[in-house]
Amino acid sequence: MSSILSNVLPAPEDPFLSAFNLLCMVTKQVIFACRDDPCPVKLNLSAGAYRTEEGKPLVLEVVRKAEQQLANDLSCDKGYLSIDGLADFNKLSAKLILGDDSHAVDENRVVTIQCLSGTGSLRVGAEFLAKHHQQRVVFVPNPTWGNHPFIFTLAGLSVEYFRYYDPQTRGLDFEGMLEDLGAAPPGAIVVLQSCAHNPTGIDPTLEQWEKIRQIVRSKGLLPFFDNAYQGFASGNLDSDAQSVRMFVADGGECLIAQSFAKNMGLYGERIGALTIVCTSQDVARKIHSQVLLVVRPMYLSPPIHGASIVTTILKNSDMYKDWTIELKGMADRIISMRQQLYEAIQARGTPGDWSHIIKQIGMFSFTGLNEKQVRWMAKEYHIYITYDGRISIASLSSKTVPQLADAIHAAVTRLA
């Protein structure tokens, strides 16, 4: 039988695709190496997913209650949602990130579209900007989440980097960040992680955020917040939203990609939202119509189940309270794991200053380990982390902290 597709040519060599394929290959190497390792005490700290003290995935009790309530409600159906998603979900999501007293919401200057988790929210926002924003350059932190450059590049935007991490201090390169943002062309898009920066775990202070806001606004830059970890960093939803609200309060524009994967544990439901804060109600109306044109040919209608779970929890005051308690419990456990790991490394007399582990925040820690040390730890201690030295603190437990501390100590002392 002849092939209809036999004339399809291989894609030309593209530096971007080569980099993307390399990232995928390296990620798969870590994942598959851990999967195929027969060692009974192997430890996978590469994935960005929360685990319990027993090393198991966690389904929040409030999520189970919400799902049971939805299952018992015979008025619920499985019909298509509108292009922009579940209306109550959009309204409640915007309120969650912008606050109960947001002037932007009160003045109807906010557009919120239900999207496919944080990644989908970023992609819809990127496609919208590629079509309607005059400046086509996007600045992302160095380093940043590995998917950021690919999302914006595939949308047709040009990605550049601003300094963020200082490997010498294992902290924020704040002066370098301000200098690079100050040199960005007017109108450039700037991707900012609102809290619990991935992969470094390093966030600016509120005072630093204010200086960042001032330079972004004075240069006429367009902030695009990736809000993947609200409540998951400090354990407080309002505290983790302060950076975003600081920008919204000045009346300027910004985009916000929200995800409920981490803070509600809804990883597989792919539920998130894109919020665009505008300067007027008229602008918001126009933007809403244009974003719908982006979504329609992309996936037409978002999934209903995850949106229904989130809406059920956010609408019910008792469930909302239960959620905040469980959310704080997750955040507190991560903070405890940081402290335990730091103390275990100190107790072993490991060379170097390891205080960055407890200074960083969120589910990740940028350890400072190099690729050679990381590969050696996988071979000798069956511990798997990404080659840049990032570990998922959220995947640690009191039982596995000593195992990791032993591996770090051996890697640092033997492979300095």
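1. First, a term: two strands count as paired if DSSP finds at least two bridges between them. Strands (E, at least two residues) and helices (H or I, at least four) are DSSP runs, numbered from the N terminus.

2. Keep in mind that this is a predicted model, where local features need pLDDT of at least 70, side-chain atom pairs count only at pLDDT 80 or more, and totals for chains, interfaces and linings use all residues. Residues are numbered from 1 along each chain as its sequence is written, and side-chain values use heavy atoms, with hydrogens and water left out.

3. Seven strands make an open, mixed sheet in the order 2-10-9-8-7-3-4. Strand 2 (110–116) and strand 4 (158–163) are at the edges with a single partner strand each, so one side of each has no neighbour in the sheet.

4. Look inside the sheet at strand 3 (residues 137–142) and strand 7 (residues 189–193): they pair in the parallel sense over two bridges. Here F139 sits opposite V190 in strand 7.

5. Helix 7 (residues 174–182) packs on the sheet and touches strand 4 and strand 7, contact being heavy atoms within 4.5 Å.

6. On to helix 15 (residues 401–414): at 1.5 Å a residue, its 14 residues should span 20 Å, and its end C-alpha atoms are 20 Å apart, which agrees. (The expected span is 1.5 Å times one less than the number of residues.)

7. Among the buried residues of helix 15 are V401, L404, I408 and V412; buried means under 20% relative accessible area (1.4 Å probe, protein chains only). The buried residues of this helix pack against elements including helix 12 (317–347) and helix 14 (371–381).

Key. Axes are lines fitted to C-alpha atoms, for helices over the stretch in contact, and angles run from 0 to 180 degrees between N-to-C directions. Buried means under 20% relative accessible area, exposed over 50%, partly exposed in between (1.4 Å probe, protein chains only).
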